[in-house]
Amino acid sequence: MSGEIEFRLIGDISSDDPSRLRTVIEEFITGTVTQTPDGFHVEGIAREETARHANRALLSALRRVELRTRLRTEWTRGGVSERFFDYVPKGTSTLG
């Protein structure tokens with residue numbers, strides 16, 4: 001897709017049945033997926049048009065597999081970080 005840019009992702013994914021989510025996560029990001037007691041901690045790179053689009057695409061893909069999934073993320077590009085809880089933006093910060 002044209003217009004896609006690279007974002008650095010740090011996030012936590014929790015679910016009632018996290019075992020079903022690993023494949024979806026690994027298809028969406030290039031990076032590290034670490035299991036936690038209620039899901040996964042992820043750090044990696046994803047490509048999308050905006051941080052909001054990236055967050056929405058990841059959560060939608062996860063919820064197609066397991067509806068009761070929660071996502072807390074921080075997407076960073078060019079020194080600007082955008083934080084989300086599920087689909088809701090929780091703030092922007094400038095690094096540096």
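## A tour from helix α2 to the sheet

Start by selecting α2 and its surroundings: the buried residues of α2 (buried meaning under 20% relative accessible area, with a 1.4 Å probe and protein chains only) pack against β1 (5-15), α1 (22-28), β3 (39-48), β4 (69-77) and β5 (80-85). Contact here means heavy atoms within 4.5 Å, while helices (H or I, at least four residues) and strands (E, at least two) are DSSP runs numbered from the N terminus. Before you go on, note that this is a predicted model, where local features need pLDDT of at least 70, side-chain atom pairs count only at pLDDT 80 or more, and totals for chains, interfaces and linings use all residues. Residues are numbered from 1 along each chain as its sequence is written, and side-chain values use heavy atoms, leaving out hydrogens and water.

Now colour A51, A54, N55, L58, L59, A61 and L62, the buried residues in α2. They sit on the same side of α2 because they cover an arc of only 160 degrees around the axis, taken from the directions from the helix axis to the C-beta atoms.

Next, show the strands. You will find an open sheet of 6 strands in the order β2-β3-β1-β4-β5-β6, with antiparallel pairing; two strands pair if DSSP finds at least two bridges between them. Look to the edges for β2 (30-36) and β6 (88-94): each has a single partner strand, so one side of each lacks a neighbour in the sheet.

Zoom in on β1 and β4, which pair in the antiparallel sense over 8 bridges. Pick L9, and its bridge partner in β4 is W75.

Note on methods: Buried means under 20% relative accessible area, exposed over 50%, partly exposed in between (1.4 Å probe, protein chains only).
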